[in-house]
Amino acid sequence: MLDASDKTINSFLEFLDRIDNDFEITITGGEAMLHPRFFELIEQIKHKTFKINLISNFSFNIENYLKVFAMLDESLNRFDLSFHLTEIKDFDLLIDKLIVFLDKKPKNTNT
């Protein structure tokens with residue numbers, strides 16, 4: 001998603017205006033949350049009442065994941081972790097993040 005231009009994102013949001021709200025949107029990347037417009041994008045999708053699936057490699061800080069959950073609330077349909085052992089620099093830090101995540105994630109979310 002980091003490579004998605006403003007033109008691409010704006011076109012995608014315009015497309016969403018044309019389709020039925022009974023639709024699921026999946027956002028993925030390497031780490032989609034790194035895109036500068038990520039939070040704006042999910043806010044726009046949420047207001048259009050689509051269900052959102054998010055796939056993350058869990059490399060971002062835990063506070064941003066918790067922010068996403070708070071923003072999306074009932075709109076977050078599914079959250080999947082893409083686990084890559086070769087990308088893990090500090091396994092203990094990953095475990096600590098997972099513990100916080102599992103303790104604080106919304107109960108209505110499929111993980």
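Hi everyone, let me start with packing: the buried residues of helix 4 are in contact with helix 3 (62-72) and strand 3 (76-81), where contact means heavy atoms within 4.5 Å. Buried here is under 20% relative accessible area, exposed is over 50%, and partly exposed lies in between, with a 1.4 Å probe and protein chains only.

A word on the source: this is a predicted model, where local features need pLDDT of at least 70 and side-chain atom pairs count only at pLDDT 80 or more, while totals for chains, interfaces and linings use all residues. Residues are numbered from 1 along each chain as its sequence is written, and side-chain values use heavy atoms, leaving out hydrogens and water.

Back to helix 4. Helices (H or I, at least four residues) and strands (E, at least two) are DSSP runs, numbered from the N terminus. Which residues of helix 4 are buried? They are L94, K97 and F101. Seen down the helix axis, the buried residues fall within an arc of 65 degrees, so they line one face of helix 4; that arc is taken from the directions from the axis to the C-beta atoms. Turned away from that buried side are the exposed residues D92, I99, L102 and D103.

At the start of helix 4, a side-chain oxygen of D90 comes to within 3.1 Å of the backbone nitrogen of D92.

Finally, please look at S56, in strand 2 (residues 51-56). S56 is buried, at a relative accessible area of 1%. Its side chain makes polar contacts with the side chains of E31, at 2.5 Å, and Y65, at 2.6 Å. A polar contact is a pair of N or O atoms within 3.5 Å; within protein, one must be able to donate a hydrogen and the other to accept it, and residues adjacent in sequence count only if both atoms are side-chain atoms.
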